[in-house]
Amino acid sequence: MGDPKAFLTIHRLEADYRPIHERITDFGEVEQTLNTRERKLQASRCMDCGVPFCHWSCPIGNRQPEWQDALYKGKWREAYQVLSETCDFPEFTGRICPALCEKSCVLKLSCDEPVTIRENEAAIIEAAFREGYITPVQPERNGKKVAVIGAGPAGMTVANQLNRKGYSVTVFDKAEAAGGLLRYGIPNFKLHKTIIDRRIKLMQEEGIEFVMGKEINIQKLPTGYDAYCLCTGAETPRDLPIPGRELKGVHFALEMLAQQNRILAGQTFIKEKLVNAKGKKVLVIGGGDTGSDCIGTSIRHGAACVTQIEIMPQPPVGHNPATPWPQWPIVLKTSSSHEEGCLRRWSLSSTQFIGKNGKVIGVEVEEVEWVPGENGGRMTMKPTGKKEVIEADIVLLAMGFLKPELPQLPKNVFTAGDYILGPSLVVKAMATGKEAAAQIDKYLS
């Protein structure tokens, strides 16, 4: 490393978010960037550990110390080359990955100031696009064809990996544009869709064919391909089958999120089909990232108020002895959307939706207790009988997705992404995409 003691004098500095009063008026990306000097200083904090736990915890095996060193020395092209050897789409992970690497950074353990790995990654890939380091690659074709079903992060990774190896790849997806949940699940204020379009354009220039708006029956796959990869994701949202579920105003989270992204892309919807929170009391059921995205979207719609409830107990702040370093810490997370204004509550179970004239007006909830299991076993939920009604004009169910049941598949059909993982992280979907591409290459070789 150029400066092995920088971490002793330079503190962690994050780019932070745009001011709240400004960002809630639009759907532009909320995250800001540091200038080049500050970014290089942040990269200098990497200690090049003897055992780099950042590398250990990264699902795609990024070699963070190597590109941190190159970045610190101002060798942006080299930093990009090292990063791109392991990560197909740093512009995605650099924006929306929860940064498992940072939580396992040695500086997280020693002083709770891990290296800004994710932000540095985003800076490197944006510099690469800006400076023209990225140009279309035209590999020599090997005469074999592969069909990828699903154009989300896993499918895109499979396509990118195989295309670089010389296969002719066609990607099919039932949606009108590629990206999967990157495009239709994650709000623009976290990932602007021009970032996806830029990558898709590059992949097309490299020879990958995208066939959009075509739903494929996995039992009747298109003919003419030597191998297939199913990357259709986990598409079935977890429902809440309690009394009143049929009331108008109760929606799955993606009904709002996907529609909003389509509206920003220029589509229109009739009033009766709109899922809009303007002037409404919003209740989000589910405490994860999707719930947070519903909060930010509702606030931008102009919601009267937003409440988020979670059935699990509130996690501890800062440190959780149950998940010690270098594990991913289960601690209280406050997102940019939470900062914008919402009431958060925990240990609440929903018992029924309450309606009037066919429309939801509230949700009856019951406080629950979580009792530790014997000998460290799973906690069990115990109702307390303490009930109340939370008023709501619109309820958004953000409780995750169900893992698909995999059918018996022919030898030349492979799988990747949430289709095999169940609901997971984009970076993990990309990791399975790399694995599937390697398996397909081995099979066809």
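Two strands are taken to pair if DSSP finds at least two bridges between them. The model is predicted. Strand β7 and strand β8 run parallel and are joined by four bridges.

**Strand β7 and its partners**

- Strand β7 spans residues 305–310 and is mostly covered, with five of its six residues buried.
- Strand β6, residues 281–285, runs parallel to β7 and is joined to it by five bridges.
- Within this pairing, Lys281 has Cys305 of β7 as its bridge partner.
- Between β6 and β7 the chain passes through helix α15, residues 289–301, and this β-α-β crossover is right-handed.
- Strand β8, residues 343–346, also pairs with β7, and here Thr307 has Leu343 of β8 as its bridge partner.

**The second largest pocket**

- The second largest pocket holds about 540 Å³ of space.
- It is lined by 16 residues, of which Lys248, Gly249, His251, Leu274 and Lys280 are the closest to its centre.
- Strands β5 (250–252) and β10 (359–371) each supply at least two residues of this lining.
- Sorted by class, the lining of the second largest pocket consists of eight charged, five nonpolar and three polar residues.

**Pro139, a buried loop residue**

- Pro139 lies in the loop between α10 (117–131) and β1 (145–149).
- Pro139 counts as buried because its relative accessible area is 15%, and the cut-off for buried is under 20%.
- Leaving aside neighbours within four places in sequence, Pro139 is in contact with Asn163, Arg164, Gly166 and Glu206.
- Glu206 is 67 residues away from Pro139 in sequence, yet the two are 8.0 Å apart in space, C-alpha to C-alpha.

**Asn261, a buried helix residue**

- Asn261 belongs to helix α14, which covers residues 253–264.
- With a relative accessibility of 6%, Asn261 is under the 20% cut-off and therefore counts as buried.
- Not counting residues up to four places away in sequence, Asn261 touches Arg183, Tyr184, Gly185, Ile186, Pro187, Asn188 and Lys193.

Technical notes
Residues are numbered from 1 along each chain as its sequence is written. This is a predicted model: local features need pLDDT of at least 70, side-chain atom pairs count only at pLDDT 80 or more; totals for chains, interfaces and linings use all residues. Side-chain values use heavy atoms; hydrogens and water are left out. Buried means under 20% relative accessible area, exposed over 50%, partly exposed in between (1.4 Å probe, protein chains only). A crossover is right-handed if, with the strands pointing away from the viewer, the path from the first strand over the helix to the second runs clockwise. On a 1 Å grid over the protein atoms alone, a cavity is a set of points where a 1.4 Å probe fits but cannot get out, and a pocket is an open set with protein on both sides within 12 Å along at least five of seven lines; lining residues have an atom within 4 Å of a point. Grid points are joined across faces, edges and corners, and a volume is the space filled by probe spheres set on the points. Ala, Val, Leu, Ile, Met, Phe, Trp, Tyr, Cys and Pro count as nonpolar, Asp, Glu, Lys and Arg as charged, and the others, Gly among them, as polar. Contact means heavy atoms within 4.5 Å.
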